[in-house]
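This note is intended for a colleague who is meeting the structure for the first time. The numbered points below move from the whole chain to single residues.

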Amino acid sequence: MPENNKNKKDKKTNFSLRKLIYNDKYLIIFSILAAVVVWIAASMNLSPETTKTITVPVNVDFSDSAAEHLGLKCYGDETFDVDVTISCKKYLAKDITADDINVVLQTNTVTTKGNSEVPVKVEAAGENNDFNITSYYPTVYKAYFDVEDKKTLDINVSYENKDFIADGYIMGEPLLSENTAVVTGPKSYVSQVKKLVSNVSIDDKIKSTQSIDLKVSPVDSTGSTVDYVTVNTGSNNLTLTIPVLKQMTLNVTSSFINKPESLDISDFVITYSKDTVDAGVLEDAGISEANIGNIDFSKLKSGLNTFKFDVSNFENMVILEDIKEITVTVRVPSSYEQKSVKVDKASVTVTNIPEGYDAVVTSVSSNSVTVVGKKNSLNTDSLGVGLVVDLSAYENNIITGSSDYDLTTSLENSENCWVYGEYTANVTITKK
């Protein structure tokens with residue numbers, strides 16, 4: 001082996017600790033590293049103690065507790081916070097959180113109804129020994145325990161300011177989305193609830209219908225709010241609709257139904273016991289007259305006909321005068337005559353018979369019907385009286401056997417005459 005290569009190998013493999021120690025450059029680096037290690041160790045061992053307060057949220061749960069087995073329910077906050085003060089090394093404080101602390105309720109201490117103070121227990125989570133718990137607050141959870149009860153009560157609305165309707169307008173009948181609500185809570189407190197009240201405050205002068213969200217309060221006989229109970233109205237929001245009606249003077253009118261298509265009634269004399277009424281109407285409804293109801297031509301005969309209409313309840317309108325009914329008279333001119341036309345059970349047609357059933361007409365209530373019209377319209381050999389029993393209204397409630405059904409009448413060969421009176425047919429219905 002050449003001498004030069006051997007010397008190079010010896011230089012690479014020979015290591016001298018003595019030379020390293022006495023090498024100033026390596027000694028300085030080693031000293032710095034050693035100082036850092038010593039400083040860190042000293043800081044950890046000699047770090048000052050500090051305190052820290054941590055807020056721990058607690059969910060209240062009495063399931064499978066002595067109270068639950070005794071039929072007692074907890075009436076109090078469903079969650080609450082416990083402020084826990086700990087002591088620890090200062091350098092550890094920032095890393096300790098609520099997850100490192102267990103807070104539990106001593107639920108099995110509740111065995112009777114009434115107000116209870118349930119002890120709160122606080123300890124470190126798991127085997128964490130890096131801190132000490134020095135204090136915490138609250139040390140007890142306060143709640144009321146009792147058997148659950150419920151009852152249903154009407155909702156009463158009161159108005160703090162009763163003068164909230166603009167001049168020229170009136171308030172219609174207010175409408176609640178729910179008229180009753182269920183009060184639920186501890187039995188001893190539910191029994192104290194005497195009524196449900198909701199106070200409405202409207203400051204502006206309103207001219208249109210308003211819908212207001214309400215809050216219901218359970219109160220006792222003195223008007224004080226009862227604690228620990230809840231009120232369930234059955235809907236997400238309880239609302240009060242206040243109809244605002246405009247005051248108007250309206251002409252009284254009525255309408256005719258089942259009038260023959262070609263009949264001219266301009267010669268009929270129609271009078272009312274009251275021609276005009278003072279009323280409150282919904283402005284948006286477009287009401288320009290007080291139509292009090294319908295007069296069916298099947299109830300009109302030649303001469304004087306009288307009808308009475310209840311005017312105490314109308315949709316979109318309120319009669320403001322102290323009247324309960326209005327009388328309408330319809331005078332059919334003497335030029336109209338009456339003619340009796342024979343009918344029998346063969347004249348009756350049954351329509352809309354439910355599937356799976358048969359229907360047979362066994363008789364009619366009269367062997368003739370009365371037809372009203374002018375003389376020249378009645379002088380015909382055949383007016384074509386049609387009698388129909390329509391079973392469509394009975395499709396889901398059909399009754400087998402014999403029963404009387406109303407007859408709908410028509411005249412096939414006349415457009416200016418009508419059938420006067422009410423008639424029925426006896427129909428026997430059987431299953432196929």
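1. A contact means heavy atoms within 4.5 Å. In this protein, residues 24 or more positions apart account for 77% of the contacts with a separation of 6 or more.

2. The model is predicted, so local features need pLDDT of at least 70 and side-chain atom pairs count only at pLDDT 80 or more, whereas totals for chains, interfaces and linings use all residues. Residues are numbered from 1 along each chain as its sequence is written, and side-chain values use heavy atoms, with hydrogens and water left out.

3. The protein has 6 helices and 32 strands.

4. Of the 432 residues in the protein, 34% are buried; buried means under 20% relative accessible area, exposed over 50%, and partly exposed in between, with a 1.4 Å probe and protein chains only. The accessible surface comes to about 27,200 Å², and carbon and sulfur atoms hold 46% of that surface. Areas come from the Shrake-Rupley method with a 1.4 Å probe, and for residues only the protein chains shown count as cover.

5. The largest pocket holds about 530 Å³ of space. Its lining comprises 21 residues, and the closest to the pocket centre are Asn258, Thr409, Ser410, Trp418 and Val419. Two elements, β30 (408-411) and β31 (418-420), each give two or more residues to this lining, and β30 gives the most, with 4 residues.

6. A pocket here is an open set of points on a 1 Å grid over the protein atoms alone, where a 1.4 Å probe fits, with protein on both sides within 12 Å along at least five of seven lines; lining residues have an atom within 4 Å of a point. The volume is the space filled by probe spheres set on the points, which are joined across faces, edges and corners.

7. Asn258 also deserves a backbone remark: its phi is positive, near 60 degrees, although the residue is not glycine. Asn258 sits in the loop between β17 (244-257) and β18 (269-272) and counts as exposed, at 58% relative accessibility.

8. Tyr228, likewise not a glycine, has a positive phi of about 70 degrees. Tyr228 lies in the loop between β14 (217-219) and β15 (230-232) and is partly exposed, at 32% relative accessible area.

9. Tyr137 and Pro138 are joined by a cis peptide bond, with omega about 0 degrees. Pro138 belongs to the loop between β6 (131-137) and β7 (140-146).
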